[in-house]
Amino acid sequence: MSDSATDNPPTATTAQAHPRFAEALTALDLSVEVRAFPEATRTAAEAAAAVGCDLAQIVKSLIFVADGEPVLVLMDGASRVDVARVRDELGAAKVSRADAALVRETTGYAIGGVPPFGHRTRTTVLADRRILDQDTVWAAAGTPHTVFPLAPRTLLTHAGARLVDVREQSS
């Protein structure tokens, strides 16, 4: 999938991806165009600006802790996670954001570069259904400077995600 309409000159090889993520792509027999940018793509806004796409087309891979266990939540870049909804969805007593050390320990990646799959530890994966509103979504490829495009259903399938409604509702 090429996004040649943007003015940003990316490099497009899986060699740009984090080695762990590149291994995951190989293991999944999945071919994606990993794009590297000189500017950071750590936040959804930075990634959308670099790619030249809508903020809602970015998929954030966020690690939470539910009753002491790490959980991955996939959320579109224009939305925020409602922690109470995650707690209800999991039937957990307590849910909170993971700290940077736990994110790295669980996924093998630093915050700002966590991809939706290819993690060190297998976790429960929840994906907000609004991700499916897009034809193509972009996610981190294991570093704060790399992203890749994929059809939302394909991404969620490879992530082993369960579709849920965990987006913060606007008032």
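A: Start with a pair of strands: strand 2 (residues 35-36) and strand 8 pair in the antiparallel sense over two bridges. Helices (H or I, at least four residues) and strands (E, at least two) are DSSP runs, numbered from the N terminus, and two strands pair if DSSP finds at least two bridges between them. The model is predicted, so local features need pLDDT of at least 70 and side-chain atom pairs count only at pLDDT 80 or more, while totals for chains, interfaces and linings use all residues. Residues are numbered from 1 along each chain as its sequence is written, and side-chain values use heavy atoms, with hydrogens and water left out.

Q: Which residue of strand 8 is the bridge partner of arginine 35?
A: Valine 147 is the bridge partner of arginine 35.

Q: How many bridges join strand 7 to strand 8?
A: Four bridges join strand 7 (residues 137-140) to strand 8, and the two run antiparallel. Within strand 8, proline 149 is the bridge partner of tryptophan 138. Strands 7 and 8 form a hairpin with five residues between them, and glycine 142 in the turn has a positive phi of about 100 degrees.

Q: How do I read the two faces of a strand?
A: In a regular strand the side chains alternate between the two faces of the sheet. In strand 8, Thr146, Phe148 and Leu150 lie on one side and Val147 and Pro149 on the other, and all are buried. Buried means under 20% relative accessible area, exposed over 50%, partly exposed in between (1.4 Å probe, protein chains only). Five of the five residues of strand 8 are buried, so the strand is largely enclosed by the rest of the structure.

Q: How is an aromatic pair described?
A: A pair of aromatic rings is described by the distance of the centres and the angle of the planes. Rings of Phe, Tyr and Trp (its six-membered ring) pair if their centres lie within 6.5 Å; planes under 30 degrees apart count as stacked, over 60 as edge-to-face and the rest as tilted. A search of the whole structure finds three aromatic pairs.

Q: Why is the pair of phenylalanine 21 and phenylalanine 148 tilted?
A: Their ring centres are 5.1 Å apart and the planes are at 35 degrees, so the pair counts as tilted. Phenylalanine 21 is in helix 1 (residues 19-27) and phenylalanine 148 in strand 8 (residues 146-150), 127 residues apart, and the pair links distant parts of the chain. Phenylalanine 21 is buried at 0% relative accessibility. Ring pairs link Phe21, Phe117 and Phe148 into a cluster.
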